[in-house]
Amino acid sequence: MTLLIEESAPSTQEKAHKARGTVRLREHLMGWLFVGPFALVFLALLIAPLAYALYLSLFRKKLIGGTSFVLFDNYVKAFTDPSFLSGAWFVVRFSLVAIPLQIVIALAMALVLDAVTSAFARFSRLMIFLPYAIPTVIGAVMWGFLYSRSFGPLSDVFGLFGATAPDFLGGNLIFYGLVNVVTWQWAGYYMIILYAALQGIDPTLYEAARMDGAGRRQIALRIKIPLIAPALLLILVFALIGTLQFFNEPQFLRFLAAGTIGPDFTPNMYAYQQAFALANFNYGSAISFALGGIVFAGVYAFLFFTRKRRSFL
Amino acid sequence: MTTGRSGARRAPQRHLPLQVLLGFLVVYFLVPFWWIIVNSSKDAPGLFGGGNTLWFADRVDYFGNLRQLFTYDGGIYGRWILNSTLYAFAGGIGATILAVMAGYGFAKYRFAGRRLSFSVLLGALMVPATALVIPTFVMFSGLGLTNTIWAVILPSLLNPFGVYLMHVYARDAVPDEILDAARADGAGEVRTFLQVALPLMRPAVVTVLLLSAVASWNNYFLPVAMLSDNRLFPVTVGLGLWQGIASANNAGTTSLWSLIILGALVSVIPLIVAFFTLQRHWRGGLSVGGLR
């Protein structure tokens with residue numbers, strides 16, 4: 001912490017705070033008093049584990065000969081390990097399909113709910129949000145049952161037309177099965193964030209636009225969407241962080257989709273398997289750290305390229 | 001948020017095609033709930049005996065199933081629910097207190113190291129939480145904390161997004177003039193915070209509390225890694241355990257599947273109740289994070 005204090009001088013721009021030395025010292029103290037407890041937790045549970053993961057990832061434990069320092073060998077191994085690479089490729093493909101889909105649906109729903117004000121619209125808003133209140137693992141269980149050929153309604157529905165039901169728990173369809181679960185789970189949450197942002201727009205802007213001859217669609221495209229761009233960026237970042245570390249849903253659906261979802265289906269599952277099933281904490285940490293690094297770099301680069309005056313960071 | 005806006009709106013807007021579209025969406029979002037409500041009324045034969053999977057069986061037996069759920073394996077399910085409640089409350093309240101204090105501190109005091117600490121915090125928003133599970137496990141196991149309730153509660157105290165949300169909210173909703181007035185009237189910093197600032201931040205406090213509690217309740221990766229004693233499991237990990245057992249036994253040999261279905265339904269009720277009763281408060285708090 002001392003490092004932090006020395007590195008950045010107090011900003012002198014705030015005129016109200018250009019007070020005498022004693023007042024300023026008091027302000028420093030009070031500031032740290034409020035931020036301090038969180039800072040301790042932050043150091044102990046975020047900085048320390050990150051540093052420790054980095055440390056662990058530089059070693060390798062052998063059955064004979066104990067633990068030895070191997071520098072970046074674990075990373076070299078990870079990036080040439082087909083299990084890690086296929087998992088990483090899966091989450092990248094998955095993000096490219098699932099994230100735009102969720103955001104488009106959430107945006108469409110938010111715009112509809114902002115334009116339609118009826119009792120049914122208010123009811124719908126809550127119902128669409130409901131899946132967010134469901135633990136992701138329970139959501140996966142629910143859909144797992146719905147997909148299931150033994151308990152699910154799909155075979156009934158397709159049976160009516162004399163067709164066999166698609167197996168969303170097998171082969172290539174598991175991809176879309178999971179896209180559906182994730183969309184169902186998160187689209188409502190993103191919708192609420194966008195809806196709240198839309199509600200924050202000053203309605204006199206619409207009045208002015210209408211005077212200028214803008215229709216519903218033009219107001220949506222030229223006023224609403226640009227004004228909620230920061231909220232869109234926020235949910236995009238959330239979705240990226242969440243999707244790249246995909247774990248809960250596939251881990252749970254493994255029980256129902258045996259054979260389709262292996263223990264190395266996503267990088268996080270692979271790290272979990274290495275650490276907890278094979279007690280290989282060094283390699284597990286390396287995978288976790290590599291994944292965390294990729295997510296961080298990816299999101300940071302993304303924010304850098306989309307940087308605007310009013311971005312959320 | 002909504003109350004401030006409704007005055008500005010004139011007549012309610014009812015666009016019929018859009019309402020029909022909404023109707024379809026609502027059906028999609030509710031289908032899994034409908035399935036689980038219907039099927040938790042069935043016993044094992046009703047579940048596997050064919051029949052309509054989207055409608056009730058001849059025999060509707062919620063009470064029998066509930067009794068089975070809460071007595072199976074010495075009533076372990078009730079324990080899981082209590083554990084989840086404890087983890088959600090302890091983690092949620094703890095994380096909220098830390099976030100409210102830190103957010104207020106960042107927003108209202110110009111202290112040394114503030115800018116740097118705040119950029120570190122913003123960077124932390126991008127650190128995936130699951131990347132921390134394995135090293136935290138190894139650290140906690142060195143401290144003898146794994147397989148205790150602390151292994152689940154302590155990590156859920158960390159909520160950088162909550163701090164960010166509180167910072168943005170406190171910056172806008174708590175004017176400096178009011179704080180200065182309170183100070184001029186002789187209130188100390190702590191009293192100013194508790195009696196003047198805190199009431200103004202209430203929507204954001206409710207939002208952060210709800211989001212942290214839900215995150216703890218929904219947590220799966222952390223407890224599944226940390227805990228080995230099934231009496232400490234939260235309900236998510238417990239249901240995972242049952243699902244593993246039921247799948248290994250290849251469906252039907254036990255009535256475990258019907259317990260899992262009803263168990264999933266029962267486990268989501270507290271969250272749904274929390275969201276619905278608090279919904280007027282949390283939505284106002286959420287809007288700020290997305291606007292600035």
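Let's start with B:Ala131. B:Ala131 sits in the loop between helix 5 (114-124) and helix 6 (133-142) of chain B. Is B:Ala131 buried or exposed? Its relative accessibility is 8%, so B:Ala131 counts as buried. Now look at what B:Ala131 touches. Leave out residues up to four places away in sequence, and you find A:Ser288 and A:Gly292. One word of caution here: this is a predicted model.

Next, the two chains, one at a time. Chain A has 313 residues, and 53% of them count as buried. Its secondary structure comes to 14 helices and two strands. Take the contacts in chain A between residues at least 6 apart in sequence: 65% of these join residues at least 24 apart.

Now chain B. Here we have 292 residues, with 56% counted as buried. Chain B has 14 helices and zero strands. Read along the sequence, the pattern is α-α-α-α-α-α-α-α-α-α-α-α-α-α. Of the contacts in chain B with a separation of 6 or more, 74% come from residues 24 or more positions apart.

On to the nonpolar cores. How many residues does the largest one have? The count is 183. The residues with the most contacts inside this core are A:Phe94, A:Met191, A:Leu194, B:Tyr77, B:Met201 and B:Trp242. Which helix gives the largest share? That is helix 8 of chain A, residues 173-199, with 17 residues.

Let's zoom in on A:Phe94. Set aside its neighbours within four places in sequence. A:Phe94 is then in contact with A:Ile99, A:Phe175, A:Leu178, A:Val179, A:Val182, A:Thr243 and A:Phe246.

Now helix packing. Two packed helices are described by the angle between their axes and the distance between the axes. We have two pairs to go through.

Pair one is in chain A. Helix 9 covers residues 204-211, and helix 10 covers residues 216-227. Their axes come within 11 Å and cross at roughly 155°. Angles over 145 degrees count as roughly antiparallel. Therefore helix 9 and helix 10 of chain A are roughly antiparallel to each other. The crossing of this pair is right-handed. Which residues make the contact? From helix 9 of chain A, they are A:Leu205, A:Tyr206, A:Ala209 and A:Arg210. From helix 10 of chain A, they are A:Ile219, A:Ile223, A:Lys224 and A:Leu227. By class, this contact has six nonpolar residues, no polar ones and two charged.

Pair two is in chain B. Helix 4 runs over residues 62-108, helix 8 over residues 160-173. The axes come within 7 Å and cross at roughly 45°. That angle makes helix 4 of chain B oblique to helix 8 of chain B. This crossing is right-handed. Helix 4 of chain B brings several residues to the contact, including B:Ala99, B:Gly103, B:Phe106 and B:Lys108. Helix 8 of chain B brings B:Gly162, B:Met166, B:His167 and B:Arg171, among others. The classes here are nine nonpolar, three polar and two charged.

Now some backbone angles. Most residues other than glycine have a negative phi. Keep that in mind for the next two residues. A:Ala279 is not a glycine, yet its phi is positive, about 55°. Where is A:Ala279? Look in the loop between helix 13 (267-277) and helix 14 (281-305) of chain A. With 47% relative accessibility, A:Ala279 counts as partly exposed. The other residue is B:Asp73, also not a glycine, with a positive phi of about 55°. B:Asp73 lies in helix 4 of chain B.

Two asparagines to finish. A:Asn172 lies in the loop between helix 7 (154-160) and helix 8 of chain A. At 69% relative accessibility, A:Asn172 counts as exposed. Now compare sequence and space. A:Asn172 and A:Thr260 are 88 residues apart along the chain, and their C-alpha atoms are separated by 8.8 Å.

The other is A:Asn248, in helix 12 of chain A, residues 248-253. Is A:Asn248 buried or exposed? A relative accessibility of 15% means that A:Asn248 counts as buried. Beyond its neighbours within four places in sequence, A:Asn248 is in contact with A:Thr136, A:Val137, B:Tyr220 and B:Phe221.

How values were computed: Residues are numbered from 1 along each chain as its sequence is written. Chains are lettered from A and ligands numbered from 1 in the order in which they are written. This is a predicted model: local features need pLDDT of at least 70, side-chain atom pairs count only at pLDDT 80 or more; totals for chains, interfaces and linings use all residues. Side-chain values use heavy atoms; hydrogens and water are left out. Axes are lines fitted to C-alpha atoms, for helices over the stretch in contact, and angles run from 0 to 180 degrees between N-to-C directions. Helices (H or I, at least four residues) and strands (E, at least two) are DSSP runs, numbered from the N terminus. Angles under 35 degrees count as roughly parallel, over 145 as roughly antiparallel, 65 to 115 as roughly perpendicular and the rest as oblique. A crossing is left-handed if the near helix is turned anticlockwise from the far one by less than a right angle, and right-handed if clockwise. Contact means heavy atoms within 4.5 Å. Ala, Val, Leu, Ile, Met, Phe, Trp, Tyr, Cys and Pro count as nonpolar, Asp, Glu, Lys and Arg as charged, and the others, Gly among them, as polar. A nonpolar core is a set of buried Ala, Val, Leu, Ile, Met, Phe, Trp, Tyr and Cys residues joined through side-chain atoms within 4.5 Å. Buried means under 20% relative accessible area, exposed over 50%, partly exposed in between (1.4 Å probe, protein chains only).
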